[in-house]
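Please open the model in a viewer and keep the selection panel at hand. The stops below are to be visited in order.

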Amino acid sequence: MQGFPDRGGTPDLAQLQSTMHAIELACTSIQMHMNPAAAEATILSLSQSRQPYQACKFILENSQVANARFQAASAIRDAAIREWGYLTSDDKINLISFCLGFVMQHANSPEGYVQAKVSSVAAQLLKRGWLDFTTAEKEAFFNQVNQAVSGIHGVDVQYTGINFLESLVSEFSLSTSSAMGLPREFHEECRKSLEMNYLKTFYCWARDAALSVTNRITESDSAIPEVKACTAALRLMVQILNWDFVCNSSGGATSTSIFQVGGRQASDSPKRSECNLVQPGPAWRDILVTSGHIGWLLNLYSALRQKFSCEGYWLDCPIAVSARKLIVQFCSLTGTIFPSDNAQMHEHHLLQLLSGIIQWIDPPDAVSKAIESGKSESEMLDGCRTLLSIATVATPSIFDQLLKSIRPFGTLTLLSTLMGEVVKILMTNNSEEEAWSWEARDILLDAWTALLVPLDRNGGNELLLPEGKNAAANLFALIVEAELKAAAASAFKDDADSDYLQASISAMDERLSSYALIGRAAIDATIPLLSRLFSERFTRLNQGRGIVDLTETLEELYSLLLITGHVIADEGEGETPLVPNAVQTHFSYVVEADKHPVIILFSSIIRFSEQSLDPEMRQSVFSPRLMEALTCFQLLHTLVRQKHICLHIVALDSWHDLANAFANEKSLLLLNTAHQRSLAQTLVRSASGIRNSESANQYVRDLMGHMARYLVELSSKSDFKVVAQRPDIILSVSCLLERLRGASSASEPRTQKAIYELGFSVMNPVLVLLEVYKHESAVIYLLLKFVVAWVDGQISYLEAQETAVVVNFCMSLLQLYSSHNIGKISLSLSSSLLSEAKTEKYKDLRALLQLLSNLCSKDLVDFSSESIDTQGTNISQVVYFGLHIVTPLISLDLLKYPKLCYDYFSLLSHMLEVYPETVAQLDSESFCRVVASLDFGLHHQDTEIIDMCLRSLRALASYHYGETRAGKAGLGSHATGVTDPSGNLQEGIFSRFLHSLLQLLLFEDYSPDLVSSAADALLPLMLCEQGVYQRLANELIERQSIPALKSRLVNALQSLTGTNQLSTTLDRKNYQIFRKNLNKFLIDVRGFLRTM
């Protein structure tokens, strides 16, 4: 089905009609579900045929079937992108002109999706030729578009022209661009060029188009076509301001501004709502800030809002939605567009916007009442988004001051009152999860978060003024009241999806983190409030036990514990929470510890947790969720994170009672194993409050020594293998392993000695447990995780002799794990059991990989006084031996588990980059596995995995090339060829991967982000296998049957290695040159090579 059989002759009309009828029939067949496979093959053949442009044009101009026209446009796109390299300049320009002309001529077509497709094709082809077209050629296209957008050809053509610009901007934006099989650098160059030369012009065209129809819209009493054009223009302006601006610097020296230049970096804060900062730079100041543009926009929306005030539907119509989106974006305007020496300009800008939108959200009670009575909530939600945007670009003090010039209160008070109204609605309609109030709450919480997150990495906040603190305190009190009310109401509900009936607290974590920020902003009021509420319910619990139903009180206590935990602790990066700066520094004026508000609150919590030691209380009161809130959520952890508080905590009798019960009482073994680990970590970490190092180590020995001795005694019993399978023994061993893991993860320099002794004392028992419980996957996993945590906490501090002991222990553990085939999976299992077995082994193997990675860290961070070489310990050999043991257990199926796959390739790439010389020492079988792994990773879907494999190949090839140039063996036989386990001779690693990498780059789909890494791997591969590269290049040339393309390919291959002074050295400069050469090579030839 070739629609352009003779480029120089007259098209065969009969053939064109035949092609059109075939495509129409195929489209109809798909719609009717009649032989869809054959129909799809027919449509595909049009796209894949050589130069189908005449047929596609004929279909677009003559077919009465809309879907056929859509497919014809799609075929033009696919064929042109594929054949771009050998289309003439006139062909390219004619294709774009045809598509543009088509959409303009059919501007009033009711088949919008066909119009949108053809417009999109024009935009994609214009981008594909962007770097080739001259400025005059681009201007010719844009003159045509400008005439359309200006409205001189009518409203329909105006709308079509604006839509084309939407498609074009979308194509040039990296986040929405279509795949073209080209390097990322191509897309970057196009994006930068459009931004510098045309984006501002497009915005002005859209603005002028909207201005040209504004009067007609506001004066008309009925729907008119101009509304559609104005909406499209507003939508285009929104899209352009959503652009990820890179040319936003003035190029001059910067100075400090009271506004958040570039926006506040709050990557660690919980965010639920989008707030994209708009940072176009000083070149945009004249059209966005100083031109009166914002005043026109606010007046347009206000006029239409007043005109249609009786029409409830109007708030959700496209022109209203687009106008509000644009207003919200203007609130996010920040950066160098505002002069650093003129803060008043930015403040005036925000005040003008706030004055225009205040009626959307104030007074809050009247607004919420209207919404509850049926009014659309969309305007109110956009009002909340404007507050979020302003909060993101302004400091708390500036944010609060804005409203005071037009209201008797500050913006923080409005934010507090508005959210308070939303919280009240939520208390009334708590079950309606999709209600508008849920979305409003999340947006307003994000506004508070934007204002209150730490402004620097040291945790410093700008303190709120008294009015702001009072607003935060009132809001926090209302939030706590609402949470307690909801908790009490949930006590007797059976709804499994209820927030308060989920066993895990993670579902509420983001919301509670934002609540905590509000609470800390008014910490003077927050801590006493929480203390009072907790004490009241604790008293009620003690007084009512056995007399009244305490279910509601328990739910309230659970909720209070969660809220309190978030207020007094940040989660941090790992398992251990951090004490917020506001809590650490605010009460520094309190001298007496027993009067410190945080100590008072902590004391209440400790007294409450002490009740868990009473078996009767634990059975009647302490549900798993309460223990989760106390331990798993790590409230107790927080006590030991603040140094001056920890000094007092470890001196408390109640703390010693808890530690003694943990060490000696079997009743606490009834807690969940995860709680065992958490409590052990907390108690061991509290040793940091003991001033004397030896006393701190002795505290850890007293706390954990009994458990270590129990494991030693248990594992040395003659009948241990018999009793080990009893459920009570398995539970006991599991709890002890979790305690050991918790203690190991709490290791720090002061207690490192005691924790090393702890792990050393149970080395042999651990190996015995591994032997005895080889069929108990849950126990094996706990055992491995303990060893991983212990090695991680110890390895950097160990002296050479201790390191040798730990390394030998790890070797024994790996050998034992392998010898019992613990990691093997029987293929005879049923599918469900096979899946379960894979999941269990995945967890084991990931732990083993983490263990090997921890051993590797000794070469990177080592605080010991002597080198490990003095004991003959070679970390690289140890880890390679571990890989030799673990790799056979990691099947390709198991590598489909993302986390295991990442850990494996992360370790492998680290080893190959840091210790490539050790690869040469691997036997043939082990080396084959490494090669197979790299081959698997190179074709993985995850670009991060591919990147790690490319780095590995670069490291190996660079090492081998450098060694052989120096007259050494490099990788030896592994480079020339290896024999696989079946006895078949396989080609050398560099020859194999040179072929694979060229195949990937030239013919397969991949992320443009990988081209640089691929270039860095390809250059040393080519240098290692110059003969193989030349053979592959000749094969590519010979396969090309079109003389013009063959000549072009020859020239491109010569340029790849012969331009920009590329040499045969592997230094930084040469890598950069080759990256540039490869990018140009791919742009030149990849399109037509994929048609071969």
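Begin with helix 9 and helix 10, which are oblique to each other. This is a predicted model. To display the pair, select residues 184-197 for helix 9 and residues 199-219 for helix 10. The two pack at an angle of about 55 degrees, and their axes lie 4 Å apart.

On helix 9, select L194, E195 and N197; on helix 10, select L199, T201 and F202. Colouring these residues by class gives 3 nonpolar, 2 polar and 1 charged.

Is R77 buried or exposed? Its relative accessibility is 14%, so R77 counts as buried, the cut-off for that class being under 20%.

The following two stops concern backbone torsions in loops. Select H33, in the loop between helix 1 (13-31) and helix 2 (36-48). Phi of H33 is near 60 degrees, a positive value in a residue other than glycine. With a relative accessible area of 70%, H33 is exposed.

Continue to Q51, in the loop between helix 2 and helix 3 (53-62). Here too phi is positive in a residue that is not glycine, with a value near 45 degrees for Q51. Which side of the burial cut-off does Q51 fall on, buried or exposed? At 1% relative accessibility, Q51 counts as buried, whereas H33 is exposed.

For the next stop, select D362 and P363 and inspect the peptide bond that joins them. This bond is cis, with omega near 0 degrees. P363 is placed in the loop between helix 15 (343-361) and helix 16 (364-372).

Finish with the cysteines. How many disulfides does the model contain? Taking a disulfide as a pair of cysteine sulfur atoms within 2.5 Å, the count comes to 0. Two cysteines may be selected individually: C735 is buried, at a relative accessible area of 0%, and C928 also counts as buried, at 16% relative accessibility.

Terms used
Residues are numbered from 1 along each chain as its sequence is written. This is a predicted model: local features need pLDDT of at least 70, side-chain atom pairs count only at pLDDT 80 or more; totals for chains, interfaces and linings use all residues. Side-chain values use heavy atoms; hydrogens and water are left out. Axes are lines fitted to C-alpha atoms, for helices over the stretch in contact, and angles run from 0 to 180 degrees between N-to-C directions. Angles under 35 degrees count as roughly parallel, over 145 as roughly antiparallel, 65 to 115 as roughly perpendicular and the rest as oblique. Contact means heavy atoms within 4.5 Å. Ala, Val, Leu, Ile, Met, Phe, Trp, Tyr, Cys and Pro count as nonpolar, Asp, Glu, Lys and Arg as charged, and the others, Gly among them, as polar. Buried means under 20% relative accessible area, exposed over 50%, partly exposed in between (1.4 Å probe, protein chains only).
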